[in-house]
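Visitor: I have a structure open here and I am new to it. Can you walk me through a few spots?

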Amino acid sequence: MNTEKTKNNFINYKKVVSLANENWQEAEMRKISGLSVDVAGQNYLHDQYGRHFYHFCTTSYLGLDYHPTILASAISAIQETGTLRIANSKNRCKLAILDVFEQELSELFEVSCLSTLSCSSASSGILPLLASGVLTDNVSPTMVFDKFSHYSMNHLKPSCADETEVITAPHNDMNYLEDICKKHHKVAYIADGVYSMGGIADIDSIMYLKEKYGIFLYLDDSHSISALGQNGKGYVRTKMKELDDNVIIVASLAKSFGCSGGVVMFGDDAHTKFVHRYGGPSNWSQSLNVAAIGAGLASVKIHSSSELTLLQQKLQNNIRQFDAAIQTEQSGSPTAIRLIRCGESGLANKAAEYLANHGFFTSAVFFPVVPQGKAAIRVTLRADMRSEIITEFCSLISDFLLSHGIDIKPEKISSAPLLAEKI
Ligand SMILES: Cc1ncc(COP(=O)(O)O)c(C=O)c1O
């Protein structure tokens, strides 16, 4: 058998390591990776090199990661429950408080929800199951992954390919997707709602194709849950009035939700049962521990209150302020992620080092996180960033890049309404 033909059809770690390792070495040498920090204040950290900085690249967009009620609820849940978890698979025997949490998530998002240890573990369990056809009347769907789908889904392509045909589609290319729909009986489309490196899915076109061809949607909306939509329903859930048996939405609860774990939203109760029983690590691995559940219960309450709306508004104000100072491909988008393009990874690493030495931590992102030659400084805004801190950050990075021949000041400030106002 010719093994060369059956190897590396979807993943080639040897190649990734050979292309990325030098950049990671440099990042470590410049003290912008491998940091170990203490908390010196809200989103204000102290590292092992004695530096203090504001973290400008967290995914806790609403600042709930420091919310006193969430932290207190994590502690009281342990005290009241008397253990951290039941050491048995969730499918066989779980704590009643986990049922309560899943029930409250279901009410909040107005759809049947399961909790998972992480969003990654949800996708690890569900995607191969979806590929097998058991969620689609025993018809194995052709699995079409958007090229920029998150790693937590992409790394499952080989497992899915053991069950069905797997195709990688150019990013957000709806014509390409439609061509596949015309040629295949059943298609499942796998994508992010909001992409971790900026940009959003074309949900209206996706819904059009779903209506026309009955495609199954598996969408990861980790970057918009809590941050966008009424009661923090997120970008995708808000766009779908109801979920049917051709949709699964997954999301991390460790980002804006301010807790830990993941959530899966199902339009079909039979799917909920299947995943509960056969969903890989969501069944055989640990379930959420009581601290996470306690934190989650408090976060649900915040999501049902006016405090959430206030935090979402603060986040949008901070996004507007940033966009008024710095032009990026994401300018004008309601999502909190911005990539300041530097081109070569060396410059991105130097810029991140400069920022870290001047009070701001960001991530220099390079291949394979972004395509080669498109290295960037990744910035994520938060509701709890003070205006003067954002101003200082923007001046620092603008001046630094200008001194390297890159002008990131906006040419004209757009008065167009943020997309958030339409969600
Ligand atoms: C889109 C997306 N999905 C999933 C994850 C992973 O989430 P979790 O930590 O819950 O596994 C990330 C992590 O950054 C992400 O960006």
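Visitor: Is Glu344 buried or exposed?

Guide: This is a predicted model. In the model, Glu344 has a relative accessible area of 55%, and because the cut-off for exposed is over 50%, Glu344 counts as exposed.

Visitor: Where does Glu344 lie?

Guide: Glu344 is in the loop between E11 and H15.

Visitor: Leaving aside neighbours within four places in sequence, which residues is Glu344 in contact with?

Guide: Gly373 and Ala375.

Visitor: And how many residues apart in sequence are Glu344 and Ala376?

Guide: They are 32 residues apart in sequence, and their C-alpha atoms are 8.1 Å apart in space.

Visitor: You mentioned E11. What order do the strands of its sheet come in?

Guide: The order is E11-E14-E13, three strands in an open sheet with antiparallel pairing. Strand E11, residues 337–343, and strand E13, residues 363–365, are the edge strands, and each pairs on one side only. On average, neighbouring strands here are turned by 30 degrees against each other, direction ignored.

Visitor: Which helix packs on the sheet?

Guide: Helix H15, residues 345–357, packs there and touches E11, E13 and E14. The direction of H15 makes about 35 degrees with that of E14.

Visitor: How many bridges join E13 to E14?

Guide: Three, and the two strands run antiparallel, with E14 covering residues 375–380.

Visitor: What do strands of a sheet pair through, in general?

Guide: Through backbone hydrogen bonds, in either a parallel or an antiparallel way.

Visitor: New topic: strand E10. Why is it described as largely enclosed?

Guide: Strand E10 spans residues 262–266, and five of the five are buried, so the rest of the structure largely encloses it.

Visitor: Which residues of E10 sit on which side?

Guide: Gly262, Val264 and Phe266 are on one side, with Val263 and Met265 on the other. Both faces are covered, since all of these residues are buried.

Visitor: Why that every-other pattern?

Guide: In a regular strand, side chains alternate between the two faces of the sheet.

Visitor: Which strands does E10 pair with?

Guide: Strand E4, residues 112–116, is joined to E10 by five bridges and runs antiparallel to it. Thr116 stands opposite Gly262 there. Strand E9, residues 247–252, also pairs with E10 in the antiparallel sense, over five bridges. In that pairing, Ile248 has Phe266 of E10 as its bridge partner.

Terms used:
Residues are numbered from 1 along each chain as its sequence is written. This is a predicted model: local features need pLDDT of at least 70, side-chain atom pairs count only at pLDDT 80 or more; totals for chains, interfaces and linings use all residues. Side-chain values use heavy atoms; hydrogens and water are left out. Two strands pair if DSSP finds at least two bridges between them. Helices (H or I, at least four residues) and strands (E, at least two) are DSSP runs, numbered from the N terminus. Axes are lines fitted to C-alpha atoms, for helices over the stretch in contact, and angles run from 0 to 180 degrees between N-to-C directions. Contact means heavy atoms within 4.5 Å. Buried means under 20% relative accessible area, exposed over 50%, partly exposed in between (1.4 Å probe, protein chains only).
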